[in-house]
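Me: Please pick one part of this model and look at it closely, then connect it to the rest of the fold. I would like the cut-offs spelled out as you go.

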Amino acid sequence: MKQEMAEIRAMGMLGWLAGQAELLPVFLGATGASEDDLRARAGEAEFLASVVDFVMMDDVWVIDCATDQGWPPEQIMAIRAALPGGDLPSWT
């Protein structure tokens, strides 16, 4: 997946997260972001990567988000891999 597509899909994930009344405050508390930051930074690849990282912390969140977006849950890993800091480390 190319970074541009990953950013578009991560914005969809941000929209999903913003609609989760119980989960959004957890994200805001964990990241220190405000609701204004969500609007101001929604187009930043690094911020979107933090959204994907947060959703990936819980399998239920991954499944719920992916289902809502119409993707297989594995798609979220591909999205994260295409965003800054998402490449797998080389151990050799």
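Reply: **A closer look at one side chain**

Arg 80 has a relative accessible area of 12%, so this residue is buried (under 20% counts as buried, over 50% as exposed and anything in between as partly exposed, with a 1.4 Å probe and protein chains only). Before going on, please note that this is a predicted model, in which local features need pLDDT of at least 70, side-chain atom pairs count only at pLDDT 80 or more, and totals for chains, interfaces and linings use all residues. Numbering runs from 1 along each chain as its sequence is written, and side-chain values use heavy atoms, with hydrogens and water left out.

Arg 80 belongs to helix α6; helices here are DSSP runs of H or I with at least four residues, strands are runs of E with at least two, and both are numbered from the N terminus. Its side chain meets that of Asp 53 in a polar contact of 2.5 Å. Such a contact is a pair of N or O atoms within 3.5 Å; within protein, one atom must be able to donate a hydrogen and the other to accept it, and residues adjacent in sequence count only if both atoms are side-chain atoms. Leaving out residues up to four places away in sequence, Arg 80 touches Ala 49, Val 52, Asp 53, Met 56, Gly 85 and Gly 86, where contact means heavy atoms within 4.5 Å.

At a relative accessible area of 19%, Gln 75 is buried. Beyond residues up to four places away in sequence, Gln 75 touches Met 1 and Arg 9.

The side chains of Arg 39 and Asp 36 are joined by a polar contact of 2.6 Å.

Apart from neighbours within four places in sequence, Met 13 contacts Val 51, Val 52, Val 55, Cys 65, Trp 71, Ile 76 and Ile 79.

Phe 27 leads on to the rings. The structure holds three aromatic pairs; rings of Phe, Tyr and Trp (its six-membered ring) pair if their centres lie within 6.5 Å, and planes under 30 degrees apart are stacked, over 60 edge-to-face and the rest tilted. Phe 27 and Phe 47 are edge-to-face, at 6.2 Å centre to centre with 75° between the planes. Phe 27 is in helix α2 and Phe 47 in helix α4, so this pair ties together parts that are 20 residues apart in sequence. The rings of Phe 27 and Phe 54 have centres 5.2 Å apart and planes at 70°, so they are edge-to-face. That pair, too, runs from helix α2 to helix α4, bridging 27 residues. Ring pairs link Phe 27, Phe 47, Phe 54 and Trp 61 into a cluster.

In α2 itself, Leu 24, Phe 27 and Leu 28 are buried. They cover an arc of only 95° around the axis, which puts them on the same side of α2; the arc is that of the directions from the helix axis to the C-beta atoms. Gly 29 and Ala 30 are exposed on the other side of α2. The buried residues of α2 pack against α1, α3 and α4.

Stepping back, the protein has six helices and zero strands. Its radius of gyration is 13 Å, close to the 12 Å that the globule rule gives for 92 residues, so it is as compact as a globular protein of that length. The radius is taken over C-alpha atoms, and the rule is 2.2 Å times the number of residues to the power 0.38. Of the 92 residues, 37% count as buried, Arg 80 among them.
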